[in-house]
Amino acid sequence: MQFSADENFALRLDGEDPLRSFRGKFHLPAGENGQPLIYFAGNSLGLMPKSARRIVEQELDDWAQLGVDAHLDAETPWYSYHQTLREPMARLVGAQPVEVICMNSLTVNLHLMMATFYRPTKSRFKILMEDPAFPSDTYAIKTQIVHHGLDPKEALLLARSREGEFTVRTEEIIDLIEKNAETLAVVLIGAVNFFTGQLFDVPAIAAVARKHGIAVGVDLAHAVGNVPLSLHEWNVDFAVWCSYKYLNAGPGAVAGAFVHERHATNKNLPRLAGWFGNDPNTRFRMHLEPEFIPVASADGWQISNPPIFSMAPLRASLAVFDEAGGMERLCEKSRKLTGYLEFLLKQAGSERFTIITPNDTEARGCQLSILVHEHPKELHQKLEAAGVKADFREPNVIRAAPTPLYNTFHDVWRFAQILSAHQ
Ligand SMILES: *Cc1c(COP(=O)(O)O)cnc(C)c1O
């Protein structure tokens, strides 16, 4: 695509954008001048779909009017509420419906998956992650290792970028897997790295690990709702994600987990259980049924009864994704939007910053991470003052994530203008 730095060009792309009406489905926070912010922080907290309010209010009304009977008699019965999320969520992550369950939060789900898939033995006990991983994942994995009486110094392997590079090469990861093929128990990859925005070649990594009998887990926090995913086909063992970033389901929204079909239907796998993972046919026999019989699907990992008020906005949000035609259609716009941002930043021709996100569109989603060489914090503050919401990661990186549902080409154009003006 031939881009142009001309403002009219940006306006023309917006006019031709088949998804342009979707911006109107979201509440856009305004700056001090009352104008909508240039909101590039959807990788941190996605914006509120306007339809979320009615759905949440419906649940409040059902509670008010029905009390306990809302479990079965509400407009959307609470007892089976999680079922309404399964299919739209499965579409977004490329899974079979039996492989997906919406529950808990991301890090909790990571622990639950590790309880099943990290079963260290004397010879096979190591875990491989990319560096830098999101701190919550690092804490979870280190404490998993300690929980099994092992030492993270021996059991945790990190795949790093080479000297002078910012992203981790796939061959580096594959090389580490091959070299530790006998001792690795789990490979855990953040499909899109939170810091650099790098999209890893998950299928290639998964294929090598699985060849050696190593379990593969994927953290989709920055990938779901951002890039096309095919978890079932990639044959990964498990995945976890949150729903408040690109999925726009609100603060602390209910997260997701994927368990591959070949495990999901296996009732004998060890797990940490609770009553909502139990076969619904015997669930309410309560104390008469002390034997845990897991549901033969990802539901078998569910522990508690579903938090309706934090699932309701997720229902609203998933409906918007379906209405937009799914990830392929969104990604078509996303690649253009981010490509345009990259083009304009390069046009600005600055020596003052470096884009550390890969320029290969196959190796990134919508986020560009901009490493600022001088006074990074000050530049970020100036952007904020000018009505830009993009986040700052210590020590020197500004992350900008234009999303295809509610950002425009003109947002991108204005962002680049403001950034250039403040050099
Ligand atoms: C956002 C994010 C989290 C957050 O975890 P919660 O348990 O939802 O608070 C964890 N891991 C990664 C990679 C993230 O990007």
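Predicted model: local features only at pLDDT ≥ 70, side-chain atom pairs only at ≥ 80, totals over all residues.
Local features need pLDDT of at least 70, side-chain atom pairs count only at pLDDT 80 or more, and totals for chains, interfaces and linings use all residues. Residues are numbered from 1 along each chain as its sequence is written, and side-chain values use heavy atoms, with hydrogens and water left out.

Start with the domains. The protein chain divides into domain 1 (7-47 + 326-421) and domain 2 (57-322), with bounds from an automatic or database domain assignment. Their centres, taken over C-alpha atoms, are 29 Å apart. Across the boundary, 34 residues of domain 1 contact 23 residues of domain 2; contact means heavy atoms within 4.5 Å.

Now turn to the ligand. Around the ligand sit Leu-106, Thr-107, Phe-134, Asp-137, Asp-219, Ala-221, His-222, Cys-242, Tyr-244 and Lys-245.

Polar contacts are pairs of N or O atoms within 3.5 Å. A polar side-chain atom of Lys-245 lies 2.5 Å from a ligand oxygen. For Thr-107 the distance to a ligand oxygen is 2.6 Å, and for His-222 it is 3.0 Å. The protein covers 83% of the 390 Å² of accessible area (Shrake-Rupley method, 1.4 Å probe) that the ligand has on its own.

Last comes the cavity. On a 1 Å grid over the protein atoms alone, a cavity is a set of points where a 1.4 Å probe fits but cannot get out, and lining residues have an atom within 4 Å of a point. The count is 1 cavity of 30 Å³ or more. The largest cavity holds about 50 Å³; grid points are joined across faces, edges and corners, and the volume is the space filled by probe spheres set on the points. Its lining includes Gly-225, Tyr-246, Phe-321 and Tyr-406. Each of domain 1 and domain 2 supplies at least three lining residues.

Notes: Near = heavy atom within 4 Å. Polar contact = N/O pair within 3.5 Å; in protein donor to acceptor, adjacent residues only side chain to side chain. 1 Å grid on protein atoms, 1.4 Å probe; cavity = no way out; pocket = protein on both sides within 12 Å on 5 of 7 lines; lining within 4 Å.
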